[in-house]
Amino acid sequence: MTKGLIIAVTVWLKVIRKKDVYVLLILLSALLSWLTTMNIFGLGGTTRYVSDTGLLLAWFLAWILAVNVSARELPEEENRGTIFSLLAKPITRAELIIGKWLGAWTVVCTANAVFYLAIWAIVAVKSGYIDPSAMIQGFVLHCFALAIITAIGIAFSTRMNFDAAATISFVFTGASLLLLPRIPEFAVKEKGLRAVVMSLIYHGLPHFDILDMRQRIVHDYGPVDVSTMAALVIYAMLLTVFFLVIAWLAYRKKLFSRSELM
Amino acid sequence: MNKAIEIVDLSVKFPSRGGFVEALSHINFSVETGQVCAFLGPNGAGKTTTIHVLLGFLAATEGMAKIFGEDVRKSIARQRIGYLAEHPDTYRFLTGREALSITGRLFGMTGRTLQSNVNAILAMLDMTSAANRKISTYSRGMMQRICLGQSLINNPDLIILDEPTGGLDPIGRMNIRKIIGRLRDEGKTIFFSSHELSEAETVCDHLVIISSGNIVVSGAINKLIKPGENLEKYFMKTIQTAAIHD
């Protein structure tokens with residue numbers, strides 16, 4: 001586990017040292033501030049509108065960041081050839097995958113915390129109120145959703161280059177985020193094989209919608225009870241472990257070609 | 001003498017269109033502790049494939065490879081190895097000192113032991129003055145030296161170098177050669193592949209020549225090369241003979 005932490009630290013150092021992430025964070029925060037203060041349909045003064053738009057953006061931006069950071073790590077090691085000197089150390093491929101995932105996840109969660117703080121600050125400036133316990137629960141569950149997304153990004157990147165892994169991760173997680181909650185509406189009209197396929201997709205893909213507390217925060221429904229929260233966290237942890245195991249299975253006997261370095 | 005490297009009946013096959021390509025064909029050789037062994041062969045002979053099996057990057061199709069008696073598939077076998085890859089690269093966003101320090105931590109080093117090892121390696125590589133600069137600002141030769149430093153940070157008993165002077169200018173080559181000489185004088189076991197035959201001749205005491213996935217020669221250099229002959233002549237003669245037999 002210590003070796004995994006050392007790998008995670010190198011992911012952090014790369015993010016901190018490469019200035020492009022700061023630029024991205026500043027741009028995203030500026031976009032967040034600008035969009036949440038727009039006065040569409042005269043709703044600009046309504047704090048519900050501000051928090052709704054802000055949280056939607058936080059989900060969108062954190063999703064982009066999670067896929068980009070996680071799908072980049074392993075292909076970059078292979079392209080630069082640093083994978084050879086890394087795997088020549090007494091480190092297992094499982095430790096490498098856990099380290100890369102841990103680094104990517106904690107980086108994205110930190111950026112996510114900045115987004116949530118920005119939303120809270122904008123709402124506070126507009127003299128609005130967000131239930132802090134619901135907001136914290138929403139943030140925690142959002143971070144667990146990001147744990148699954150980063151694990152998916154890592155899993156795809158074990159066998160693909162960055163571009164392919166990022167594209168497939170976006171399609172896979174995007175379908176889960178946006179289409180999955182709508183499937184029951186379509187499935188009731190279907191029969192036979194199509195209904196079975198829809199049911200398989202509905203139950204097979206990760207349900208990010210149940211980890212999404214935006215509506216509870218925006219409409220002030222209050223926090224969920226402890227047992228529900230625990231069940232959601234366990235669900236997210238199981239899925240994260242599942243995708244990390246897939247990543248390890250795909251990576252444990254992978255051959256590295258020298259032609260990748262040329 | 002103990003065996004630092006032991007390869008027994010090792011074969012590696014890669015899947016190819018409609019069958020397999022045999023990169024290594026039942027090869028056998030060993031390297032004793034304290035030897036400096038040059039691993040020579042033409043391009044595509046199987047040198048890097050052999051090194052990759054030793055480091056656990058590739059699985060053998062048949063046979064076995066051991067390092068200090070440990071199966072190379074176990075990560076513990078790599079605890080006593082230092083490895084410099086062909087065309088080495090490292091995290092360029094780190095400083096030289098940080099790169100060595102992080103590598104040391106992967107070997108379980110911490111605190112003063114780590115710091116003193118890092119300082120000693122930087123001094124040996126003549127990199128102390130550039131230690132706090134980012135690696136992205138280094139020249140190719142400096143990068144090669146810091147990568148060599150990463151492979152030496154754990155004070156390894158066996159050092160595996162894949163084309164250690166490849167792509168370097170004469171001064172860079174001389175610096176690396178000096179470091180190899182110093183490691184040899186310290187009694188380290190060194191196993192290196194190279195195309196620079198004159199260079200290999202000056203530092204090695206043992207020779208393994210591979211051609212088309214077969215070991216054609218293995219032995220002490222002073223027994224293999226006759227007086228008046230040099231390694232380059234001997235190598236050319238051996239490779240040509242092996243090609244005729246193929």
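Modeller: In the packing of α3(A) against α7(A), the residues A:W59, A:W63, A:I64, A:V67, A:N68, A:A71, A:R72 and A:P75 of α3(A) meet A:F162, A:A165, A:A166, A:S169, A:F170, A:T173, A:G174 and A:L177 of α7(A). Contact here means heavy atoms within 4.5 Å. The model is predicted, so local features need pLDDT of at least 70 and side-chain atom pairs count only at pLDDT 80 or more, whereas totals for chains, interfaces and linings use all residues. Residues are numbered from 1 along each chain as its sequence is written, chains are lettered from A and ligands numbered from 1 in the order in which they are written, and side-chain values use heavy atoms, with hydrogens and water left out.

Helix α3 of chain A covers residues 47–80 and helix α7 of chain A residues 162–179; their axes come within 9 Å and cross at roughly 145°. Helices (H or I, at least four residues) and strands (E, at least two) are DSSP runs numbered from the N terminus. The axes are lines fitted to C-alpha atoms, for helices over the stretch in contact, and the angles run from 0 to 180 degrees between N-to-C directions. The crossing of α3(A) past α7(A) is right-handed; a crossing is left-handed if the near helix is turned anticlockwise from the far one by less than a right angle, and right-handed if clockwise.

A salt bridge is a side-chain nitrogen of Lys or Arg within 4 Å of a carboxyl oxygen of Asp or Glu, and the whole structure holds 14 of them over all chains. One joins A:K14 to A:E76, with the closest N and O atoms 2.7 Å apart. Because A:K14 lies in helix α1 (residues 2–17) of chain A and A:E76 in helix α3 of chain A, the pair ties together parts that are 62 residues apart in sequence. A:K14 counts as buried at 9% relative accessibility, and A:E76 counts as partly exposed at 22%. Buried means under 20% relative accessible area, exposed over 50%, and partly exposed in between (1.4 Å probe, protein chains only). A network of salt bridges links A:K14, A:K18, A:E73, A:E76, A:E77 and A:K100.

A:E78 and A:K254 form another salt bridge, at 2.9 Å from N to O. This pair links distant parts of the chain, 176 residues apart: A:E78 is in helix α3 of chain A, and A:K254 is in the segment after α11 (226–251) of chain A. Both A:E78 and A:K254 are buried.

In chain B, B:E229 and B:K237 meet in a salt bridge of 2.9 Å, N to O, and B:K237 is partly exposed at 38% relative accessibility. B:K47, in helix α1 (residues 47–54) of chain B, is buried with a relative accessible area of 6% yet has no salt bridge; the nearest side chain of opposite charge, that of B:E163, is 4.5 Å away. For charge, Lys and Arg count as positive and Asp and Glu as negative, while His and the chain ends are not counted. The side chain of B:K47 reaches the backbone oxygen of B:G41 at 2.7 Å and that of B:P42 at 3.2 Å. A polar contact is a pair of N or O atoms within 3.5 Å; within protein, one must be able to donate a hydrogen and the other to accept it, and residues adjacent in sequence count only if both atoms are side-chain atoms. Leaving aside neighbours within four places in sequence, the contacts of B:K47 include B:F39, B:L40, B:E163, B:S193, B:H195 and B:I210.

B:E163 also touches B:Q144, whose contacts beyond four places in sequence include B:L84, B:P88, B:P164 and B:I176. B:Q144 is found in helix α4 (residues 140–152) of chain B and is buried, with a relative accessible area of 1%. Its C-alpha atom is separated by 8.2 Å from that of B:H87, 57 residues apart along the chain.

Two backbone angles remain. Most residues other than glycine have a negative phi. B:D9, in strand β1 (residues 3–16) of chain B, is not a glycine but has a positive phi of about 50°; B:D9 is partly exposed at 33%. B:S212 also has a positive phi, near 50°. B:S212 sits in the loop between β9 (206–211) and β10 (214–220) of chain B and is partly exposed at 45% relative accessibility.
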